[in-house]
Amino acid sequence: MDLTVWRTFVTVCRLGSLSAAADELNHTQSAVSRQIAGLERQLGVPLVERHARGVRPTPAGEVFRRHALTTLTEADRAVRAARDVRDGGSGRPLAVGAVPSLASGIVPEAVRGLLDRAGHIRWSLVPGLTGQLHRRVIGGDIDLAVVTDAPPGLPHAPQVERRFLGLDRMVVVLPADHPRAGAGPVHIRTLADEIWAEDNDGSAALLRRHAARAGVGVRIDLGAADLPGKLALVATGHAIALVPGVLRRALRADVTTVGLVDAPTRGVYTITPYRDPHPCAAPLHDELTSAFAAAGEPMATSPVEAREAVAAGESEEAQQELRTQGR
């Protein structure tokens, strides 16, 4: 398949308009339409649908968009790497993967610390879900990934070394004018009548499990394609949502957070290949550890705090990790 067409499709999805995509790509609108139609014929499925204000991806189109965006990012990396060699560049590029919540703050901060310490290093950031990143570490195209054991869990594989960074306590994000804004930790029972929004099955599973332990149910009535979409639903007053504590400093200004009593947690890890690890992987892990500590978020990172958190059964993966480490 021609990646030029893939790039056109991703641009159409991002802008929500065939004409806007044509302007950005310096094509005619009819040329953009033909490219999308040709891609749909090749795949045998409709990828976009029209609405009053433009176009949007169909469910199949949204799935394809996510994979296409990853492929285009990797293709751009390949071109840059080849040109670096042509231009006399040296040193092995560092590919860092991260789940979206960690990619939004902690990981860039840690890489900044690494660069300040080690000097110029060519690096790239590859966002993805834990399972995707785990496979790509095994495949050799990511050198270090920051992942979590949130449902469906963190896979085990003999090719991968995993190192525990800490426990991240989930928080509830609210509209800035919500009656609970500014309150201390609240019990999930006080929020049981709210409408909730979710963007992934893992977070939804944590929320449902936490509510079930308290003997209540939650109404996850709204779905979002990604974290920014979920936050937009909260900011506009449609819902509240469960988000990782590490996101507190990176949230938009028109939302706020409140802690939960006995909040659900997820274990956060780095994973690296056992074979031929990147020379910067170990120092980056150290920087990530420091970034967690400096964040000042409500996370358990000490052995005592971690034992107390996992004793409540919130993070089975982290509990096993602590047993393995003898902590």
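Leaving out neighbours up to four places away in sequence, Val55 is in contact (heavy atoms within 4.5 Å) with Val12, Gly16, Ser17, Leu18, Glu49 and Arg50. This is a predicted model, in which local features need pLDDT of at least 70 and side-chain atom pairs count only at pLDDT 80 or more, while totals for chains, interfaces and linings use all residues. Residues are numbered from 1 along each chain as its sequence is written, and side-chain values use heavy atoms, with hydrogens and water left out.

Val55 lies in strand E2, residues 54–57. Helices (H or I, at least four residues) and strands (E, at least two) are DSSP runs, numbered from the N terminus. With a relative accessible area of 6%, Val55 is buried; buried means under 20% relative accessible area, exposed over 50%, and partly exposed in between, with a 1.4 Å probe and protein chains only. Leu18, one of the contacts of Val55, is 37 residues from Val55 along the chain, and their C-alpha atoms are separated by 7.3 Å.

Leu18 also belongs to helix H2 and takes part in its contact with helix H1. Two packed helices are described by the angle between their axes and the distance between the axes. Axes are lines fitted to C-alpha atoms, for helices over the stretch in contact, and angles run from 0 to 180 degrees between N-to-C directions. The axes of H1 (residues 3–15) and H2 (residues 18–25) come within 8 Å and cross at roughly 125°. That makes H1 oblique to H2: angles under 35 degrees count as roughly parallel, over 145 as roughly antiparallel, 65 to 115 as roughly perpendicular and the rest as oblique. On the side of H1, Thr8, Thr11, Val12, Arg14 and Leu15 make the contact, and on the side of H2, Leu18, Ala20, Ala21, Glu24 and Leu25. These residues divide into six nonpolar, two polar and two charged. Here Ala, Val, Leu, Ile, Met, Phe, Trp, Tyr, Cys and Pro count as nonpolar, Asp, Glu, Lys and Arg as charged, and the others, Gly among them, as polar.

H1 also meets helix H3 (residues 29–43), where the axes come within 9 Å and cross at roughly 110°. The two helices are therefore roughly perpendicular to each other. Thr4, Val5, Trp6, Thr8, Phe9 and Val12 of H1 touch Val32, Gln35, Ile36 and Leu39 of H3 in this contact. It has seven nonpolar, three polar and no charged residues.

Ala281 counts as buried, at 7% relative accessibility.
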